[in-house]
Amino acid sequence: MDTEALFERGQALAGEHWEVLTLLLGAVLVLGAVRNWSWLCDPSGTRQAYSVMGRGGRRVVLGALGALLVGVSLWQMVC
């Protein structure tokens with residue numbers, strides 16, 4: 001199977017089961033924010049590394065975004 005066919009198959013699978021993908025992404029964001037994963041919450045290497053928000057603010061924003069993704073995906077699975 002060539003790369004293009006594999007990519008198209010992946011897109012079709014993601015289109016059919018986007019709720020599961022958003023649920024997994026949201027769970028990773030929430031878990032990473034709660035457990036303070038450096039690869040997710042560390043602002044170093046960005047232009048805004050020393051912004052007002054800081055690492056704690058990024059954790060709050062990423063946790064809220066993850067919770068929103070989990071909520072939306074569960075809503076779509078139920079309804």
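Modeller: The protein exposes about 6000 Å². Carbon and sulfur atoms supply 66% of that area. Keep in mind that this is a predicted model.

Colleague: What elements does the protein have, and in which order do they run?

Modeller: There are 4 helices and 0 strands. From the N terminus the order is α-α-α-α.

Colleague: How much of the protein counts as buried?

Modeller: Of the 79 residues, 22% do. As for sequence range, take contacts between residues at least 6 apart: 49% of them join residues at least 24 apart.

Colleague: Why are α2 and α4 called roughly antiparallel?

Modeller: Start with the geometry. The axes of α2 (residues 18-35) and α4 (residues 54-78) cross at roughly 155° and come within 7 Å. The label needs an angle over 145 degrees. The crossing angle of roughly 155° passes that cut-off, so α2 is roughly antiparallel to α4.

Colleague: Which hand does the crossing have?

Modeller: α2 passes α4 in a left-handed crossing.

Colleague: Which residues make the contact between α2 and α4?

Modeller: On α2, they include W18, L25, L29, A33 and V34. On α4, L62, L65, G66, L69 and M77 are among them.

Colleague: How do the residues of that contact divide by class?

Modeller: The contact of α2 with α4 has 16 nonpolar, 6 polar and 2 charged residues.

Colleague: What makes α1 and α2 roughly perpendicular?

Modeller: Helix α1 (residues 3-16) packs against α2 at an angle of about 85°, with the axes 5 Å apart. The perpendicular class runs from 65 to 115 degrees. About 85° falls in that range, and therefore α1 and α2 are roughly perpendicular to each other.

Colleague: Which residues make the contact of α1 with α2?

Modeller: α1 gives A14, G15 and E16. α2 gives W18, E19 and L21. By class, the residues of this contact are 3 nonpolar, 1 polar and 2 charged.

Colleague: How do you know that L62 is buried?

Modeller: L62 is in helix α4. Its relative accessibility is 18%. Buried means under 20%. L62 is below that cut-off, so it counts as buried.

Colleague: What does L62 touch, leaving out residues up to four places away in sequence?

Modeller: L62 touches L29, A33 and L40. Take A33: in sequence it is 29 residues from L62, yet the C-alpha to C-alpha distance is 6.2 Å.

Colleague: Is N36 buried, partly exposed or exposed, and why?

Modeller: N36 is in the loop between α2 and α3 (38-41). The relative accessibility of N36 is 30%. Buried needs under 20%, and exposed needs over 50%. N36 lies in between, so it counts as partly exposed.

How values were computed: Residues numbered from 1 in each chain as written. Predicted model: local features only at pLDDT ≥ 70, side-chain atom pairs only at ≥ 80, totals over all residues. Heavy atoms only, no water. Axes fitted to C-alpha atoms, helices over the stretch in contact; angles between N-to-C directions. Helix = DSSP H or I, 4+ residues; strand = E, 2+ residues; numbered from the N terminus. Parallel < 35°, antiparallel > 145°, perpendicular 65-115°, else oblique. Left-handed = near helix turned anticlockwise from the far one by under 90°. Contact = heavy atoms within 4.5 Å. Nonpolar A, V, L, I, M, F, W, Y, C, P; charged D, E, K, R; others polar. Buried < 20%, exposed > 50% of the residue type's maximum accessible area, 1.4 Å probe, protein only. Areas by Shrake-Rupley, 256 points an atom, 1.4 Å probe, with all protein chains shown as cover.
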